[in-house]
Amino acid sequence: MSYEVHVEELDAVRRRLKITVPAREVQEEIEGAVRELARSAKVPGFRPGRVPRGVLEKRFGDRLRADVNEKLMRSSLAEALEKEHIAPLSPPEILTTPDDDDGCLRYSATVEVKPVVEAHDYHGLELDRPLAPVEPAEIDAVLDRWRESQAQLDPVDDRSEVQSGDVALVDFVARVDGRAMDPVEGRQVEVGSSGMPPEFDEALVGATLGTVVHARVQYAADHSEPRLAGRAVEFEITPQKIFAKRLPELDDEFAKDVGDCASLAELRDRVRTRLEAEAAKQADAAVRRAAVTALVQRHTELVLPTSMVERRLEGMIDDVRNEWKQRRIWPANESDIVPKLREQFAEQARDQVRLALVLEAISRQEGLAEVSDQEIDDAIESMIGTADVPAEQAQAYARHPDVRAGVRGRLIQSKAMDHVVERAIVTTVEKESDIADVRESV
């Protein structure tokens, strides 16, 4: 197909292609369309295949010309984009030019493209590595959690009133705007440290078994469960049984039971080693986060493609929706929540797109853009992990071009980040320990 194309650079992320398809090409396409139409058109008073050309053009001319123009624009634009090595990020904005009566088809197509990025100032970043020392209190916290996991519950038969520190077996109903949610039966609540709202525990203190007590809880507007965010919830709570929690003694026998250690001292040493490894892992992660922040701040001048930012933003909102689905909740006011999520995530989405462009540039500039099929296979296998997925489904997933392209992109970014961190000036600084952050998995 013959045509003329002129590419205009509007800005760092937009290109306008002005394309002219010559009259000869247009006329040939029209002739073919007329012949095809003549074979199939049904016009009153004429037999199929016998409709005169003049009648066809008068009756179907506008639609026929529109169809021909659309076909020619679609094919010529695809060829022009390939010829000019332009990879559009979004569907083109097409604008046709008024007919000059010469039979040519003229139009322009504006597309978004990735900007040509040159990363800078990414060697020798000065980064802190905040490392928290392992304090004896942290080891105690881990051992206390393990004791809690081994606790025995002894029925309390000599009283019927709930006290702070008891483990109460309760039934309750929560009402939001007067509408009852699904009732909960047989929930174990440790009064005073149950994880329930303080008002819930306070209502239980002094409550008599079998008697309904009430608690009103005002949830914060940013509460993690959309159904409760910003709402007042009325609880009707009925304690049914009382238990006293009995913890195992913290001794050598405990060490043998939970850690297969010969002594409590050996168990404490093992916990310390694991906590130190976890602290080092968190410190290294903090270095990478600091590197991300530094790279983003050093490249604020980048012009970001709107379509890339929008896709990242939609992906972040989809993640929230998936979380709702996994937790089996779906907010009734989703139409109100989503605009707030868009506003909340907008800057984060822009930063993530900026970082992706910078890391891609670093990988290109440092010759790190090569990723082998084996690396992709290994990464996908790690992603699938031990998930209970049929073998055929897993194999199809691993072969899917979009999946492999996405994994390849992430591997390239990871290599670029490794390069930046390896050449950074990293200073280990002492971070204050936070016992609340000690992981239960340690």
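How are helix 6 and helix 8 oriented to each other? Some notes on that and a few other things, bearing in mind that this is a predicted model.

1. Helix 6 with helix 8. Their axes come within 9 Å and cross at roughly 90 degrees. Angles of 65 to 115 degrees count as roughly perpendicular, and helix 6 and helix 8 are therefore roughly perpendicular to each other. On the helix 6 side the contact uses Val-292, Leu-295 and Val-296, while helix 8 brings Asp-351, Arg-354, Leu-355, Val-358, Leu-359 and Ile-362. Sorted by class, that contact has seven nonpolar residues, two charged ones and no polar ones.

2. Helix 6 with helix 11. Here we have residues 264-298 (helix 6) against residues 401-422 (helix 11), with axes that come within 10 Å and a crossing of roughly 95 degrees. That makes this pair roughly perpendicular as well. Helix 6 makes the contact through Val-287, Arg-288, Ala-291, Val-292 and Leu-295, and helix 11 answers with Ser-414, Met-417, Asp-418, Val-420 and Val-421. The tally for this contact is seven nonpolar, one polar and two charged residues. Note that Val-292 and Leu-295 of helix 6 turn up here and also in the contact with helix 8.

3. Helix 8 with helix 11. The axes come within 8 Å and cross at roughly 75 degrees, which means helix 8 is roughly perpendicular to helix 11. From helix 8, look at Leu-355, Ala-356, Leu-359, Ile-362 and Ser-363; from helix 11, look at Ile-412, Gln-413, Ala-416, Met-417, His-419 and Val-420. This contact has eight nonpolar and three polar residues, with no charged ones. Leu-355, Leu-359 and Ile-362 of helix 8 contact helix 11 and are also listed for the contact with helix 6. On helix 11, Met-417 and Val-420 touch helix 8 and are part of the contact with helix 6 too.

4. The largest pocket. About 860 Å³ of space lies in it. It is lined by 25 residues, and the closest to its centre are Ala-356, Gly-406, Gly-409, Arg-410 and Gln-413. Two of these, Ala-356 and Gln-413, you will have met already in the contact of helix 8 with helix 11. Helix 7 (306-326), helix 8 (334-365) and helix 11 are the elements that give two or more residues to the lining, and helix 11 gives the most, with nine. The lining divides into twelve nonpolar, seven polar and six charged residues.

5. The second largest pocket. This one holds about 460 Å³ of space. Of its 17 lining residues, Ala-221, His-223, Ala-229, Ile-337 and Leu-341 are the closest to the centre. Helix 7 and helix 8 are the elements that give two or more residues to the lining, with helix 8 giving the most, at six. By class, the lining has eight nonpolar, four polar and five charged residues.

6. Seven bridges join strand 1 to strand 2 (residues 14-21), and the two run antiparallel.

Conventions. Residues numbered from 1 in each chain as written. Predicted model: local features only at pLDDT ≥ 70, side-chain atom pairs only at ≥ 80, totals over all residues. Heavy atoms only, no water. Axes fitted to C-alpha atoms, helices over the stretch in contact; angles between N-to-C directions. Helix = DSSP H or I, 4+ residues; strand = E, 2+ residues; numbered from the N terminus. Parallel < 35°, antiparallel > 145°, perpendicular 65-115°, else oblique. Contact = heavy atoms within 4.5 Å. Nonpolar A, V, L, I, M, F, W, Y, C, P; charged D, E, K, R; others polar. Pairing = 2+ DSSP bridges. 1 Å grid on protein atoms, 1.4 Å probe; cavity = no way out; pocket = protein on both sides within 12 Å on 5 of 7 lines; lining within 4 Å. Points joined across faces, edges and corners; volume = space filled by probe spheres on them.
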